[in-house]
Amino acid sequence: MSGSARINRIAKEVKNFETKPPWGIVCIPCEDDTYDVLNFSLQGPKGSPYENGSFKLTVTIPEKYPFEPPLVKFITPVYHPNIDKGGRICMDMLKMPPKGCWLPTITLETLLVSLQTLLANPNPDDPLMMDIAYENKYNIDKFRENARKHTEKYAKL
C-alpha cells in the first residue's frame with residue numbers, strides 16, 4: 001500500500017468517527033493531516049467498574065498500516081489486568097500473527113470497540129499485571145471495587 005493509500009484509508013476511518021461514531025468513542029482530531037498519531041477518548045462500558053470514566057488513548061499508526069497493527073496506549077491510568085502502569089495493552093488484536101490475530105481488515109473502529117469490550121471483560125489468563133489478574137480471578141468483588149475507585153480517581157467523567 002502506498003503512502004497516499006495509507007493516508008486515504010486512515011482519513012476515511014477518522015471521518016467515520018465524526019459521521020457515525022460508535023458509542024462512547026471520540027476521535028480527537030490531529031493538528032496535521034499525516035495521521036501518524038491519533039488521540040481518542042473512550043468511555044467506560046456500561047455495567048462495568050469503568051462506566052463512569054473517560055479514558056484518553058494515543059494510537060500511533062505505523063508506516064505499514066494496515067499490514068501492521070497500530071500501537072495503542074492508555075494515557076489515563078487504568079486498573080486492569082491487561083493494561084500496565086505505562087498504559088500498554090495486552091490484547092491479541094494488537095499483535096501480529098502467529099502470536100496475535102491482527103489482520104489488515106481490522107479498522108480503528110473495530111480495534112477501539114474491542115478495547116471497550118476488553119475493559120468490561122478482562123482476560124486474567126493473559127495479564128500484564130499479575131496481582132490485578134489474581135484479584136480479578138479470585139476476588140472479583142474486590143477487583144470491581146478497586147477498579148471503580150481507580151476510575152473515580154483518574155478518569156471521572
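Two strands pair if DSSP finds at least two bridges between them. Strands (E, at least two residues) and helices (H or I, at least four) are DSSP runs, numbered from the N terminus.

This is a predicted model, in which local features need pLDDT of at least 70 and side-chain atom pairs count only at pLDDT 80 or more, while totals for chains, interfaces and linings use all residues. Residues are numbered from 1 along each chain as its sequence is written, and side-chain values use heavy atoms, with hydrogens and water left out.

**View 1**
From the N terminus on, the elements run α-β-β-β-β-α-α-α. The radius of gyration (taken over C-alpha atoms) is 16 Å, close to the 15 Å of the globule rule for 157 residues, so the protein is as compact as a globular protein of that length. That rule is 2.2 Å times the number of residues to the power 0.38. The C-alpha trace spans about 50 × 35 × 25 Å along its principal axes. Of the 157 residues, 44% count as buried. Buried means under 20% relative accessible area, exposed over 50%, and partly exposed in between (1.4 Å probe, protein chains only).

**View 2. Strand E1 beside strand E2.**
E1 covers residues 25–28, and E2 covers residues 37–43. They pair in the antiparallel sense over four bridges. Which residue in E2 stands opposite Val26? It is Ser41.

**View 3. Strand E2 beside strand E3.**
Seven bridges pair E2 with E3 (residues 54–60) in the antiparallel sense. Val37 stands opposite Thr60 in E3. Leu38 has Val59 in E3 as its bridge partner. Why is E3 largely enclosed by the rest of the structure? Because five of its seven residues are buried.

**View 4. Strand E3 beside strand E4.**
E3 also joins E4 (residues 71–74). Four bridges link these two strands, which run antiparallel. Here Thr58 stands opposite Lys73 in E4.

**View 5. Lys153 in helix H4.**
Helix H4 spans residues 140–154, and Lys153 is found in it. Is Lys153 buried or exposed? Lys153 counts as exposed, because its relative accessibility is 64%. Now find Gly53. Lys153 and Gly53 are 100 residues apart in sequence. In space they are 9.3 Å apart, C-alpha to C-alpha.
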